[in-house]
Amino acid sequence: MPLKAEGTSMLGLVRDAASRMKGVINPTPLILSGALSRLFGFEVRLKLENLQKTGSFKVRGAYNRISSLNGEERSRGVITASSGNHAQGVAWAATLLGIRSMVVMPETTPIIKYMAAREYGAEVVFHGKFFDESYVQAVDLAKKNGMTFVPPFDDDLVIAGQGTIGLEIIGALDDFDAVIVPVGGGGLISGIALAIKESGRPVKVIGVEAEASKSCILSLKEGRPVNGGAGATLADGIAVKRVGEKTFPLIRKYVDDVVAVSEDSIAGAILKLMERKKLVVEGAGAVVIAAAMEGRLPPSLKKSVFVLSGGNID
């Protein structure tokens, strides 16, 4: 599994990812919301990853990882474990590149997500009731079949792919004071944070978790990745038991704060985005708006960007 090349910085990998994606994965819109700006009392811009190919930012990291494979690795195919957005990203990217893909999903996966992965070209295998069981099975199948396992978040090239969102934001805006980002395993926020902070911008990066799944907050308190539980939540896309071993050091270095929000606020944020902006955003993406609704963000904010990470909601 190729990782960060000797002497190559993570920022360099993010820039390489942006070049690799050019003409394949389009930048998503970054829009000003007058309604939300008036509601929260500061300028609100929305980064619409819910309008990305496959309906989620996950396709960025998946494409960057898979397109970096050599010829022999491509011939053996790729495999991952996921019950949603990452599965679709891997299936789409692999099919585009003419590579066989397999996705191991929990038996409880909603049929709409199973069908989406199938439609994008993946072979779907069901195993276990929970993601952790599917993950173990996928890693085992990768070894048995000689396939490349594509991690959902804990991989340098996956992180770099997600970091291209940060490059797009700083390329579009000269003046902003914070970026608010959902946190699950940490691939999205660590990639965005390193891209923005390494650019030298004096911008805060704030992560948002669901109260039901607070691995990142607990890990920051302990100083190392720890299990935080993954209870039932509307933000199922970020319901990860443990933040990544690779993502955690980047979060500690570049992220200013991580907060958690309630289920009621997540539901309210989904509804508000539908009503005010006519946007369909899944719970994992809506947590950033929930944080503003709960007053969890610094009162000093004047111009901020909210990353709406996906729109795949049943």
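Biologist: How many of the residues of helix H3 (residues 58–67) are buried?

Modeller: This is a predicted model, and in it helix H3 is mostly covered. Its buried residues include Lys58, Arg60, Tyr63 and Ile66. Of the 10 residues of H3, the number buried is 10.

Biologist: Against which elements do the buried residues of H3 pack?

Modeller: Two of the partners are strands, E3 (78–81) and E6 (148–149). The others are helices: the buried residues of H3 pack against H4 (71–76), H5 (85–96), H1 and H8.

Biologist: At roughly what angle do the axes of helix H1 (residues 10–21) and helix H8 (residues 156–172) cross?

Modeller: Two packed helices are described by the angle between their axes and the distance between the axes. The axes of H1 and H8 come within 8 Å. The two helices are roughly perpendicular to each other, and the crossing angle is roughly 75 degrees.

Biologist: How many residues of the contact of H1 with H8 are nonpolar?

Modeller: On the H1 side, the residues that meet H8 include Leu13, Val14 and Met21. On the H8 side, Leu157, Ile159 and Leu167 are among them. The contact also holds 3 polar and 2 charged residues, while the nonpolar ones number 10.

Biologist: Which residue in strand E10 (residues 303–308) stands opposite Leu48?

Modeller: Strand E10 is mostly covered, with 5 of its 6 residues buried. Strand E2 (residues 43–48) runs parallel to E10, and 6 bridges join the two. Strand E7 (residues 178–182) also pairs with E10 in the parallel sense, over 3 bridges. The residue opposite Leu48 is Leu308.

Biologist: What is the bridge partner of Gly207 in E9?

Modeller: Strand E8 (residues 204–210) and E9 run parallel. They are joined by 5 bridges. In E9, the partner of Gly207 is Val258.

Biologist: How many residues apart in sequence are the parts that the pair of Arg100 and Glu123 ties together?

Modeller: Side chains of opposite charge can pair when their charged atoms come close. The side chains of Arg100 and Glu123 meet in a salt bridge, at 3.3 Å from N to O. Arg100 lies in the loop between H5 and strand E4 (101–105) and Glu123 lies in strand E5 (residues 123–126), so the pair ties together parts whose separation in sequence is 23 residues.

Biologist: Is Lys144, which meets Asp140 in a salt bridge, buried or exposed?

Modeller: Lys144 and Asp140 both lie in helix H7 (residues 131–145), about one turn of the helix apart. Their salt bridge spans 3.2 Å from N to O. Asp140 is partly exposed at 31% relative accessibility. Lys144 has a relative accessibility of 61%, and as the cut-off for this class is over 50%, Lys144 counts as exposed.

Biologist: Which residues are linked in a network of salt bridges?

Modeller: The model holds 14 salt bridges. The network links Lys47, Glu49, Arg60 and Glu168.

Conventions:
Residues numbered from 1 in each chain as written. Predicted model: local features only at pLDDT ≥ 70, side-chain atom pairs only at ≥ 80, totals over all residues. Heavy atoms only, no water. Axes fitted to C-alpha atoms, helices over the stretch in contact; angles between N-to-C directions. Helix = DSSP H or I, 4+ residues; strand = E, 2+ residues; numbered from the N terminus. Parallel < 35°, antiparallel > 145°, perpendicular 65-115°, else oblique. Contact = heavy atoms within 4.5 Å. Nonpolar A, V, L, I, M, F, W, Y, C, P; charged D, E, K, R; others polar. Buried < 20%, exposed > 50% of the residue type's maximum accessible area, 1.4 Å probe, protein only. Pairing = 2+ DSSP bridges. Salt bridge = Lys/Arg side-chain N within 4 Å of Asp/Glu carboxyl O.
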